[in-house]
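Me: I'm new to reading protein structures. Can we go through this one together, a bit at a time?

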Amino acid sequence: MAEKKLPEWDLSEYYKGVDDPQIDADIRIYSEKARAFAEKYRGRVARLEAEEFLQALHELEDMNRLASKLGGYAGLNSSTHLTDPQASALYQKVVESLNEAGKDLLFFGLEYNKLDAKAEEKLLSNDKIRFYLPYLRRVRKYKPYELSEEVEKTLLEKDVTSGSAWVRLYEEYMARLTYTVDGKKYNDAQISRLCLSPDAELREKSGKEINNVSRENSFAVTYIYNMIMKDKAVEDEKRGFKLPMSARNLAEEVSDETVNNLAETVRDNYKNIAWRFYKIKSRLLGVDKIKYWDRNAPLPIEDDKEYSWEEAVKTVLDAYKDFSPKLYDIAREFFDKPWIDVAPKEGKRSGAFCSGPQTEEHPFLLLNFVGKRTDVLTLAHELGHGCHHQLRRENGVLNETTRMTTEEVASVFGEMLVFQSMLNRATSDKEKIALLAMKVNDMINTAIRQIAFHFFETRAHDERRLGEVSAERLNQIWLEEMRESLGPWVEVDENSACIWEQVGHFFFLPFYVYAYSFADCVVNSLYWQKLQNNVDNFADKYLELLSKTAIGKYDEIFAPFGLNPGSKEFWQGGLNLIGYYLDQLEELVDKL
Ligand SMILES: [Zn+2]
């Protein structure tokens, strides 16, 4: 790697530093504005005339901008100063004061939902108010499920000792577990990394140890899981949600039927995608059957191509430019300005992210670039998020939101562009095999595995309705779902029966796992249309889609691509893309 210092971001456009006096001044201004807002509008929202209602929306926007600036700065700054107590103290202070002041604003949505349909229609006939339709629709969708203010408040207060308490106990309990391999102690992140070691014996010891530790803690974790499921069931029933997944689906703005279509289509493809892949992987690893923990094991033909930062940037920008000069122009700005923090350093968060706290301003990218091929793909991914943000700046502070199901479109699509160009330029069969196997492995982990998780939690919650579910029963459901999705070339036995305890999403965000598959299949479905040249002006329509992911309805935003997320064909299209890469992989391995 080059000796030259890699680019760093510059947050001074927010604040000059953690001791900038403007921070305290802004916190004060925010609290004062929130208090004044409540005094002015509480108890009156349902009776406001258009003019005043619009004024209230503008005030909300203003406060939102200030809160995003404060929270954004504190969060971004702390992500590169994890060991600096001043940075974390500032973060804590900002979060707490924003939360406290934010309570003054809760009434607005609740009161808005007291408006009857006719009064709402009258407000929305004003064009300036209609601009806020995506936001107001989002507030409104909870109306049928809201309880009286008294009950809502009680639920909120009791949550600290019920739902949230169990989640917190789970997280803190799991974080304290230690895993021992060859006499050495590891935490959960470390032991997970050992499962990716090129040493098969080490992988086996680590895989078994994760399961053993989970089994030793089955009593506590099963108890916690039963409480979380029951707590959710009680609230769901009071609110009138039909299925255990319905509350999550409402938040993600998808119908129960769409999620069922997705899940069933994926299950119909277990055999021709996941099973087939693991068969190829077992051949590449030279075994009859791979072990459960070997699913993500590196291949003996892994490629170790290295990139300098300049080469990485060029690789990514070239691929973006090939696809769309407009997208390229948006992307290039990130490298002309101090918006990316590139290199790993002391006290910096691991991994990568794109964060744009302020809707109307550009986002920042955090990387930990060391020049591996995956780092280049990560850059492509985060840059996709960055461009996605830039295309949404005009949508309005209140209208914009992050919807997981479409939030990953631009990032995964950006990664696909770069992956495809790497594949096109690969010079040897071995390099192609390494690339394809890596990609298909990732795609299966996201699109298929998460649906197996979804079936696990669906069955667990269904059985919980009849009473507490034992650890043995949960293990059994887990094993059945794993066997069905992984197929005959993966060994699934008692040595992986308790791994469900390790899937944090089951505990802290029930029914969230399908969103990963949803997002991946959406992108794959789009990319499949592009590969097939099925859509005229694909690139322009794609940029248009990105600008609307949070403010448009699913069927509307995908219509220009001839796609309908309500249909099974939509999801099948996404899975076909995995099959397409799998065909290429199989052909190359046969030749080997
Ligand atoms: Zn992402």
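**Domains and their contacts**

Reply: The protein chain splits into domain 1 (11-146), domain 2 (221-302 + 431-592) and domain 3 (309-425), with bounds that come from an automatic or database domain assignment. This is a predicted model, where local features need pLDDT of at least 70, side-chain atom pairs count only at pLDDT 80 or more, and totals for chains, interfaces and linings use all residues. Residues are numbered from 1 along each chain as its sequence is written, and side-chain values use heavy atoms, leaving out hydrogens and water.

Me: What area do domain 2 and domain 3 bury between them?

Reply: Buried area is the accessible area (1.4 Å probe) that two parts lose on being put together, summed over both. For this pair, 70% of it is on carbon and sulfur atoms. The total is about 3,200 Å².

Me: How many salt bridges does the rule find across the interface of domain 2 and domain 3?

Reply: Side chains of opposite charge can pair when their charged atoms come close. The rule wants a side-chain nitrogen of Lys or Arg within 4 Å of a carboxyl oxygen of Asp or Glu. Searching the whole structure gives 42. Across this interface, the number is three.

Me: Which residue forms a salt bridge with Arg403?

Reply: Look at the closest N and O atoms of the pair, which are 2.4 Å apart. The partner of Arg403 is Glu253.

Me: Why are Glu235 and Arg239 separated by about one helical turn?

Reply: Their side chains meet in a salt bridge, 3.0 Å from N to O. Both sit in helix α12 (residues 218-239), helices being DSSP runs (H or I, at least four residues) numbered from the N terminus. They are about one turn apart because their spacing in α12 is four residues.

Methods:
Helices (H or I, at least four residues) and strands (E, at least two) are DSSP runs, numbered from the N terminus.
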